[in-house]
Amino acid sequence: IELDRVVVRPQDVVADEVRGHCRADDEGTTWVLFVDGDGQTFIGMAIESGGEIGEAEYDGLAQVIDEIGPPAVVVAVTREEGEPLAADWQLWEQLRERLTDGTELIDVIVIGRHSWWAVVGGRPGRGGVRERALV
């Protein structure tokens with residue numbers, strides 16, 4: 001007899017953690033989770049959506065992350081339906097270009113009420129741009 005296994009992916013853990021801190025009006029909020037050397041994630045900051053994100057905002061976010069200096073970060077964006085927008089892909093690309101060699105951007109995860117999607121992790125059961133565990 002083969003029993004079904006429940007597979008918990010690292011993105012599931014991040015999504016649950018962020019959902020535990022969300023309010024109903026957190027649509028588009030950007031969450032930065034720091035990943036320590038042991039692979040534990042900690043919510044470092046939440047940035048409420050204020051509209052368009054431009055070069056200055058990307059620079060500022062990268063500078064704050066670099067000054068804190070975690071080994072790695074995961075960035076999450078809350079979207080009601082869990083579907084990525086062009087801005088979420090842009091966030092991935094811009095932070096990858098701006099973070100120093102000391103901090104790895106592991107993934108950008110779009111978190112919806114009941115689902116998630118990730119640049120690297122894809123969707124549950126499907127891969128993203130490159131398969132990689134968070135840690």
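Author: Let's start with pairing: six bridges connect β1 to strand β2 (residues 41-47), and the two run antiparallel. Strands pair when DSSP finds at least two bridges between them; strands (E, at least two residues) and helices (H or I, at least four) are DSSP runs, numbered from the N terminus. This is a predicted model, where local features need pLDDT of at least 70, side-chain atom pairs count only at pLDDT 80 or more, and totals for chains, interfaces and linings use all residues. Residues are numbered from 1 along each chain as its sequence is written, and side-chain values use heavy atoms, with hydrogens and water left out.

Reader: Which residue in β2 is the bridge partner of valine 35?

Author: Threonine 41. β1 and β2 make a hairpin with five residues between them, and glycine 39 in the turn has a positive phi of about 85 degrees. β1 also has six bridges to strand β3 (residues 72-78), again antiparallel, with leucine 33 opposite valine 74.

Reader: Where do the side chains of β1 point?

Author: In a regular strand, side chains alternate between the two faces of the sheet. Here Thr30, Val32 and Phe34 point one way, Trp31, Leu33 and Val35 the other, and all are buried (under 20% relative accessible area; exposed is over 50%, partly exposed in between; 1.4 Å probe, protein chains only).

Reader: And helix α2: which residues are buried, and which exposed ones sit on the face turned away?

Author: Tyr58, Leu61, Ala62 and Ile65 are buried. Ala56 and Glu67 are exposed on the face turned away from that buried side.
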